[in-house]
Amino acid sequence: MKLYNLKNQKEIVNFSEAVQLGLGTNQGLFFPVNLPIIKKKLLTEMLEMDFITRSSKILNMFIENEIESETLYNSVKTAFSFTGPIIKQVEENISCLEIFHGPTLAFKDFGARFMAQILSFLNKKEKKTITILTATSGDTGAAVAHAFYKMKNIRVVILYPKGKISQYQEKLFCTLGHNITTIAIDGSFDDCQTLVKQSFQDIEIRESTCLNSANSINISRLLAQICYYFEAFSITPIKKREKLIISVPCGNFGNLTAGLLAKSLGLPVKSFIAATNSNDTVPRFLENKIWDPKKTISTISNAMDISQPNNWPRVEQLFKRKKWDLKTLGYGSVSDKITKKTLQELYELNYISEPHAAVAYRLLKNQIKKNEYGLFLGTAHPSKFKNTIEKILNIKIPLPSKIQNRINLPSLSYHMDPNFLKLRNFLLKK
Ligand SMILES: *Cc1c(COP(=O)(O)O)cnc(C)c1O
């Protein structure tokens, strides 16, 4: 598989390089040179396949001979060894595609676990210990920690802002130990991200620790996410497939990019809706063509509190390459006030949701037309936002065993000031 750097089209790398580098020069994103297309007959056959077989076939179309198909199949099987996507009907013509039944209860498990398999496979040949350094505001840290837990020759270091993630999120990944180190930084998420960037600029750290970031711009995470869109289509009743609208709650726009890549492969989705909270850089851009990121504001759908979405250039590139019109992309933003109301509305329909999915549902409900069938993506399990939801809906929701099992374990986190020299010493120490 060949990929080019969106900021320097002459920089071409193969899949394993792109996975190991993350970004190209000038922080440019990698984008596939070839966009495969699945012919109708093959598509029909593929929709009949089981999730693992079909997913490894899709990934093979991109990755090609760089990884043997049997190895790839086994990686996919290990990565996706949890309950896959489930459709829950909410109304006659609207359902939720729940992609949060993985080990850390958010869709990020799909991408993080596939990336872990690929990195450990690539690393088998080189036999170095690599360090994965990631900053998290919650869900990514948990997904990455669990994905790489107890893997040989991989050390994971996760930075998070002390006191700014929920106690449930913290217990999920700060109690693991072994090859997973977590550091609570006395600062904000931005401070954590700055420390990660500084580490990547430090040649000594980069070389002596074989640094990788495992963040959401990594092409392996993106490709893995294409697979659940095909599964969604295959578990949708045939009659409802014809005019399918998918509404995606967006932060860094990786999830939407994956959906659009699925469409580019030939999955006949009629259209997508890019749904954001009040951090609405993209909806405003689609409205008036002016790219004008504002200061990020905190909302109850906090995984989407991003005003400079990393993956947007990939969305634009894909529309350009496919000669699609950006006007066909649905969009909109939803305030916290409306999100809360929407959660109550969903509850009255007998569906307990959470703020991210509610944003997607709201816009789908507003924009769907007669005869269309809509799916909104459920990106995290409601119990991850237990306190928020209990307050809004005035109910009690149980903790799932995945969190319950860890809640009484002691946190193993280190504490650190947002001080690069301290982090540097920590990373270089053997
Ligand atoms: C990460 C995340 C999102 C945003 O996904 P992107 O791919 O960054 O757009 C939405 N919802 C939840 C629960 C998340 O964890």
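You're looking at a predicted model, where local features need pLDDT of at least 70, side-chain atom pairs count only at pLDDT 80 or more, and totals for chains, interfaces and linings use all residues. Numbering runs from 1 along each chain as its sequence is written, and side-chain values use heavy atoms, with hydrogens and water left out.

Now step back to α11 itself, residues 254–265. Helices here are DSSP runs of H or I with at least four residues, strands are E runs of at least two, and both are numbered from the N terminus. The 12 residues of α11 reach 17 Å from first C-alpha to last, close to the 16 Å expected at 1.5 Å a residue (that is, 1.5 Å times one less than the number of residues). Color by accessibility and you'll find 11 of the 12 buried, meaning under 20% relative accessible area with a 1.4 Å probe and protein chains only. Among them are G254, N255, L256 and L265.

What do the buried residues of α11 pack against? Show α3 (51–63), α10 (219–234), β10 (244–249), β11 (271–276), α13 (312–322) and β13 (373–378); contact means heavy atoms within 4.5 Å.

Hop over to M61 in helix α3. Leaving aside residues up to four places away in sequence, M61 touches P36, I38, L42, M46 and L265.

Next, the ligand. Of the 15 residues around the ligand, K108, D139, G251, N252 and F253 come nearest (near means a heavy atom within 4 Å). Draw the polar contacts, pairs of N or O atoms within 3.5 Å. A polar backbone atom of G251 sits 2.8 Å from a ligand oxygen, and a polar backbone atom of N252 is also 2.8 Å from an oxygen atom of the ligand. On T379, pick the polar side-chain atom 2.9 Å from a ligand nitrogen. The protein covers 96% of the 390 Å² of accessible area that the ligand has on its own, by the Shrake-Rupley method with a 1.4 Å probe.

Most residues other than glycine have a negative phi. C210, in the loop between α9 (203–209) and β9 (211–212), has a positive one near 50°. K323, in the loop between α13 and β12 (330–333), is at about 55°, also positive. Is K323 buried or exposed? Exposed, with a relative accessible area of 75%, where the cut-off is over 50%.

Conventions
A polar contact is a pair of N or O atoms within 3.5 Å; within protein, one must be able to donate a hydrogen and the other to accept it, and residues adjacent in sequence count only if both atoms are side-chain atoms.
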